[in-house]
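Here is a short report on one chain.

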Amino acid sequence: MKPFRADAPAAARFVMGGVAADHMLPALRTLEPDARACWAYDLDVFEQRARRFLELFAPLRPLAAFALKANALPVLLERARGAGLGADAGSLGELEIAKRAGFAPEQRVLNGNGRTPEEADWVAREGVALVNADSLGELDLLERAAGKASRSIRVALRVNPGIETPGHRYVATGGEDAKFGIAPVEALEAWAGRARWPHLALEGVHVHVGSQIVDVPSLERALEISLELATESAKRGAPLRVVNLGGGFGIDYQGGERGFPLDAWAAKLIARVRGLEFEWLLEPGRWIAAPCGVLLAEVLAVKRRGARRFVVLAAGMNDLIRPALYHASHRIVPIAPREGPHAPAAVVGPVCESSDVFAAEIELPPIETGDVLAILDAGAYGAAMASNYNGRGRLAEVVASEGSLTRARAGETTEDLAARRSNDSLLK
């Protein structure tokens, strides 16, 4: 995606996949006349970042399983698979999406801390490279499913390493208060007693300390804990073969250089584990997907109240919940900026909630009704977390590549929402 440049000619200021952003909503309206907002993704940037990730870690020959929770749009997943990534699923639905996107069993990983019998039956029947089990009870569930199917399931235990990470507490997953994982002592006991689960190949350790991580030390500590556990487990007669270091690699949402230093981490990791005979797994999501996507939204109104300027967009918190949920800050720019002095503005949505605010105060040029703003770096945890709150249909998703623009998913209409009604008798 070509970054925004205020000094460029209007037609060249914002380009994605060879398509000018100011052409996207008008093009979408040929299919959806009432569309006033949409998601847009640069497929070329997505694929470039996927290949770059794999290139950095190539000496480890890892299975790098793209986190579907970040963005499970099928056309993106097909690009991910074509680039060499696997698929990291967190539910029965995501497992099926991964299968339909063409990921083979050896490319699929299952995560999550609330395993269902249906998910266990699915992996026993369809196959995955690895299940990251979150509790000892889950091992019993997987054992029953594998035994019933006369199959073996490869399993890693998710260990909570007790590592606190900076940032919002909702994206911290490795601290003592986090709901994820088991204690190291429990994991060691389970590995040593793995004969209890004869249909499971219980031979891996999984750590994931958080999301939107921008420094290396927390991942270094997680690596050392994983290696220490593997060493201790081998001493107890239960050698491990798989180390899954998770993901969490963050980006700089302000467009600077303060994102996760992936090059430095890859070099440190490769040097540290050289000569160790493990199979390695990584679970990238945001680092690959976020920079490739934007939320385009028409300006519905510009309202002034005293000295305050409010820019009301056609997109709301039901579309992009990150600012309301995490206090996340995205850059917001007009795709065809007007000339004139910049001044403070609050950028808000139309949802009937006070938290429906994308930016409480940013500097913007003159804005008029009908202009289109782009909320940047929205390719991860954007459309994937959208809802129908306030009776709002989820937005269309378009993809651009080499000058072509395609609607990859249609927007939901009021008729679509109304069609969900049923009148099926359950008890009489």
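Arginine 196 is exposed, because its relative accessible area of 53% is over the 50% cut-off. The model is predicted. Arginine 196 forms a salt bridge with aspartate 140, and the closest N and O atoms are 3.4 Å apart. Aspartate 140 sits in helix H6 (residues 136–149), while arginine 196 belongs to the loop between helix H7 (184–192) and strand E9 (200–206). The two are 56 residues apart in sequence, so the pair ties together separate parts of the chain.

Aspartate 140 is partly exposed, at 24% relative accessible area.

## A loop-to-loop bridge

Arginine 331 and aspartate 377 meet through their side chains in a salt bridge, with an N to O distance of 3.0 Å. Both ends lie in loops. Arginine 331 is in the loop between helix H11 (322–326) and strand E14 (332–334). Aspartate 377 is in the loop between strand E17 (372–375) and strand E18 (397–401). The pair ties together parts that are 46 residues apart in sequence.

Is aspartate 377 buried or exposed? Aspartate 377 counts as buried, because its relative accessibility is 5% and the cut-off is under 20%. Arginine 331 is partly exposed, with a relative accessible area of 29%.

## The helix H2 to helix H3 link

Arginine 79 forms a salt bridge with aspartate 44. Their closest N and O atoms are 3.7 Å apart. This pair links distant parts of the chain: aspartate 44 is in helix H2 (residues 43–56) and arginine 79 is in helix H3 (residues 74–83), 35 residues apart.

Aspartate 44 has 19% relative accessibility, so it counts as buried under the 20% limit. Arginine 79 has 22%, which means it is partly exposed.

What do shared partners build here? Salt bridges join Asp44, Glu47, Arg51 and Arg79 into one network. The structure holds 28 salt bridges.

## Charge and surface

The chain carries 50 positive and 54 negative charges. Their mean positions are 1 Å apart. The chain exposes about 19200 Å². Carbon and sulfur atoms supply 50% of that area.

## Overall fold

The chain has 12 helices and 19 strands. Its C-alpha atoms fill a box of roughly 70 × 65 × 40 Å along the principal axes. How does the radius of gyration fit the chain length? A compact globule of 428 residues would have a radius near 22 Å, and the chain has 23 Å, which agrees.

Of the 428 residues, 52% count as buried. Among contacts with a separation of 6 or more, 71% come from residues 24 or more positions apart.

## Serine 233

Serine 233 is found in helix H8 (residues 217–235). It is buried, with a relative accessible area of 1%. Which residues does serine 233 touch, not counting those up to four places away in sequence? Serine 233 touches Leu188, Trp191, Ala238, Pro239 and Leu240.

Notes:
Residues numbered from 1 in each chain as written. Predicted model: local features only at pLDDT ≥ 70, side-chain atom pairs only at ≥ 80, totals over all residues. Heavy atoms only, no water. Salt bridge = Lys/Arg side-chain N within 4 Å of Asp/Glu carboxyl O. Helix = DSSP H or I, 4+ residues; strand = E, 2+ residues; numbered from the N terminus. Buried < 20%, exposed > 50% of the residue type's maximum accessible area, 1.4 Å probe, protein only. Rg over C-alpha atoms; globule rule 2.2 N^0.38 Å. Contact = heavy atoms within 4.5 Å. Areas by Shrake-Rupley, 256 points an atom, 1.4 Å probe, with all protein chains shown as cover. Lys, Arg positive; Asp, Glu negative; His and termini not counted. Charge placed at Lys NZ, Arg CZ, Asp CG, Glu CD.
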